Structure formats: structure tokens, C-alpha cells
Amino acid sequence: MILANVLKQFSALSSFVFLLAACSEPAARKKAGESFIADVLTIDNASVDSPGSVPKFRFGPQPFKILTDVNDLSGEGLSLLQGGDLEVIEMAGSIIANGLFTGGNRPLLEYRINDGVVKPKTSKSLAMLSAMYQFDSLVANIELLTGKKPEEFSKEFGSLRVLFQPAILMDDDGEQVRNYETSNAAYVAGAKQFALFKTSDSEKVPLSFNPQIIAHEFGHAIFETAFYANNYQTCDSKDFDKANLFKGRLELEYVIRGLNEGFADFVSFAWTGSSNILESSIGKSSASAQRNFSELTFDYDAWSSVSNTCSGGFYCLGSVWARTLLDIYQGFNFDVRNGDQRKQFLRELVGMLKSTSEKLRANNGAALPPPDAEIEMCKPRQKRIGLIDDEMLGTFLKAFVESSSASSRKLYCEKIALRFGSFGFANKFRGSCS
Ligand SMILES: [Zn+2]
């Protein structure tokens with residue numbers, strides 16, 4: 001069934017069910033401690049025949065593995081809070097770098113149970129269940145995705161919290177402004193929370209429970225454990241002591257923020273098989289086409305030297321990176337339609353990111369180029385500065401290539417050189433390639 005029809009039928013159905021419920025016995029509530037099956041919106045994985053295409057979605061019963069309490073939408077290490085206030089001091093892309101959450105209530109989930117299946121009665125309940133189904137499955141698959149044992153992951157992560165439609169408090173010229181964002185999802189770095197905002201009418205599959213978007217946000221959490229050594233830091237200019245590495249430096253780097261976005265898109269591809277992350281929600285547009293990394297039309301050198309090649313700032317660098325990872329994946333003769341192989345390659349990447357980070361952090365960041373003036377003042381730069389960013393990128397790529405095994409290094413070198421060219425991966429960084 002086409003999704004729009006599913007959603008239309010769902011809203012017709014839910015008002016019907018609502019009427020019915022009003023004149024019959026209230027449906028039995030599920031008890032805590034039981035795992036459950038619920039009607040949710042998921043991706044039909046078999047529908048993704050090529051990575052650039054838009055997946056098809058389906059609505060129907062799916063078993064939850066981690067959540068055991070449908071009324072609280074909680075389980076071991078995973079829970080949802082509805083409402084509350086999320087204070088945002090700094091937001092870059094879909095990452096809230098400095099967020100403080102207060103309040104929030106247990107979810108108000110409206111459902112009935114039919115033949116043992118939890119059936120959401122409102123679109124809000126459908127959104128909560130569908131979003132949580134994705135988080136539930138991602139956490140249940142953590143070892144396949146990252147190579148980390150579930151115990152290890154939960155030790156690092158504590159409890160993952162999903163904030164459903166919090167109000168955003170933003171500091172605007174010293175005044176706190178409360179607004180309810182629409183049409184987005186975000187990862188609150190450091191606090192390890194996911195924020196899902198209200199949906200707008202213009203979205204096809206709402207971003208806040210689109211499995212492609214949720215997997216992207218989850219990708220930021222994986223990047224945090226691997227590259228930020230599970231310790232995402234906020235910069236404080238008082239800490240700057242002329243050493244290359246200081247608290248929050250790598251978190252602020254324009255290049256690293258782009259690589260984080262591209263990695264998150266690649267995690268989404270590993271999860272669903274599609275590189276077309278946005279089209280299912282926002283439709284066909286230049287923004288969704290630029291993010292569809294398997295059909296990328298530019299490389300790093302073109303983006304660096306020709307204006308208007310890509311308008312997404314550091315996301316553009318991310319797309320070149322995601323495309324490079326896909327080239328390497330295919331260079332190993334892995335099949336884009338094989339979910340096990342996609343996860344296997346992702347595990348290798350997670351290990352390499354960890355090792356890359358260790359190389360960049362060694363001896364107080366001796367390998368890193370000196371920080372630019374804005375980063376010294378703890379400001380996240382919004383524009384690329386070629387001379388500075390090419391150095392940072394080359395330094396990262398050198399350490400990344402050195403983290404590959406001897407048998408696959410040639411492949412990594414070739415594919416990275418192809419996409420990043422002479423600006424992004426200058427000869428002086430290619431020492432370990434020959
Ligand atoms: Zn993101």
C-alpha cells in the first residue's frame with residue numbers, strides 16, 4: 001500500500017476506532033514486564049532495489065525486543081519522555097551540542113489491543129510507537145552494527161532517552177524563547193538523548209518517525225562512542241592553552257562535523273539499504289538530491305572550487321565522505337542489498353574511527369594542524385575555509401587510512417583519492433598509501 005493511503009486510512013480508522021471505543025468497554029491495557037507487538041510504520045526492506053531509490057513503507061504488526069512496558073514505552077536502557085523543555089545553546093545540523101533537558105512526562109499513549117497486537121488510536125501514538133520501534137530494533141542490533149556487546153554499549157550509554165515533542169528553549173539575545181519546532185529530529189550529543197519534534201503537513205513520511213532519519217540520528221550516537229571516545233566535550237575558551245588538542249576542539253571542527261553527518265547517513269544506508277535519506281520525507285528537491293550520496297554528482301575538488309555545486313555547507317563534505325565509504329564497500333565486492341554485509345562493513349568502520357581518533361589525539365594532538373582563530377574562541381564556524389579545512393581533512397584521512405588493515409589499504413587509498421582529490425587528500429597525506 002502506498003504510504004499516503006496508509007496514513008489517510010489510518011486517520012479514518014482511528015476516528016472510527018475512537019467512536020467505537022467511546023461506546024464499548026475500554027480496551028485492556030498491557031501490563032509492565034511483557035514484551036509486545038504493535039502496529040507501526042516500518043520500511044519494506046525488500047523494496048529497496050538500488051541505494052538511490054526511495055524505499056517503500058508499510059504499516060503492520062512488529063515485535064518489540066527491548067521495550068517491555070507499552071504504557072511507559074520503556075525497557076532496559078531505553079525510554080521515552082513526552083513534553084518537557086529542551087534548552088538549546090548550540091545547534092549544528094541535527095546535532096544539539098549543548099542541550100539541557102528538564103521535565104517531561106510518561107507518554108500518553110492511546111491504543112487498544114486486538115488479537116494481542118497494540119493498535120495506536122491517534123497519529124501521535126502511531127508516531128511514538130513507530131519511532132520507538134526503530135530505536136528498539138537499533139539497540140537490539142547494537143552488536144551487529146558496532147561490534148560492541150550490548151552490556152558494553154549500555155555501560156557506555158547508560159539509558160537512551162527519546163524526548164518526544166519537547167519545547168525548545170533558545171537563547172535569543174539574552175532572552176529565552178520557547179518554540180515548538182516542527183519537522184525535525186535531532187541528537188543531543190553528550191547527554192545521549194534523541195529529540196523528535198512535531199511534524200508538519202508538508203512532510204510525506206514524518207521525519208520524526210521515518211526509520212531513515214532515526215537511523216541517521218542513531219549514527220551520531222555511534223560516532224560519539226567511536227570517534228569522540230564516548231566523551232563528547234563542550235569547548236570552554238578558558239581551557240585553550242596553546243596545545244593542539246583542547247576540550248571540544250574536534251567537536252567544533254567544520255570538517256569533523258561534516259564527516260559525522262556523512263557517517264550518520266552511511267549508518268542510515270547500512271540500516272535500510274537506501275542512501276536517499278530525505279526524499280521519503282521532504283520529497284524531490286535539490287536538498288534531498290544532494291544528500292542522496294549514491295547518486296552524488298560532485299567530488300570534493302569540485303565542491304571546493306566551483307560555487308553552487310552543493311548548498312548544504314558541511315553536509316556536502318559529509319555526502320562526499322558517505323559516497324567514498326560506499327565506493328570502498330563496493331570495492332570489497334559487498335552487495336548493496338545485503339543487510340548482513342552492510343552491518344559487517346559498518347563494524348569495520350566503527351573500529352577504524354576509534355583508531356583514527358586515537359591517532360589524532362595522541363600526544364596532545366601533535367598530528368593536528370593548529371586550531372583556527374574561531375575554534376580557539378570556541379565558535380563553530382559555519383563556512384568552509386579551504387586552506388584550513390583541507391589540512392584538517394587530510395590529517396583525518398591520513399589517520400583513517402593508517403587505521404585500515406594492510407590487505408585493504410590500497411582499496412581505501414584509491415577510493416579516498418578518487419573522491420577527495422588533490423585538495424581534500426593532498427599528496428603529503430598519502431605516505432602510507434604507497
Ligand atoms: Zn545529523
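Where is the place of Lys 192? Lys 192 sits in the loop between strand E13 (185-188) and strand E14 (193-196); strands here are DSSP runs of at least two residues, helices (H or I) of at least four, numbered from the N terminus.

Two remarks on conventions. This is a predicted model, in which local features need pLDDT of at least 70 and side-chain atom pairs count only at pLDDT 80 or more, while totals for chains, interfaces and linings use all residues. Residues are numbered from 1 along each chain as its sequence is written.

Phi of Lys 192 is positive, near 55°, and the residue is not glycine. Most residues other than glycine have a negative phi. Lys 192 is partly exposed, with 19 other C-beta atoms within 10 Å; buried means 20 or more, exposed 12 or fewer, and partly exposed in between, with C-beta atoms placed from the backbone.

Asn 333 also has a positive phi, about 65°. Asn 333 lies in the loop between helix H11 (314-331) and helix H12 (339-365), and counts as exposed, with 7 C-beta neighbours inside 10 Å.

Next, helix packing. H2 (residues 123-140) and H5 (residues 211-226) pack at about 45°, with axes 10 Å apart; axes are lines fitted to C-alpha atoms over the stretch in contact, and angles run from 0 to 180 degrees between N-to-C directions. H2 is therefore oblique to H5, the class left after roughly parallel (under 35 degrees), roughly antiparallel (over 145) and roughly perpendicular (65 to 115). The contact (C-beta atoms within 7 Å, placed from the backbone) includes Phe 135 of H2 and Phe 218 of H5.

Terms used. Contact = placed C-beta atoms within 7 Å.
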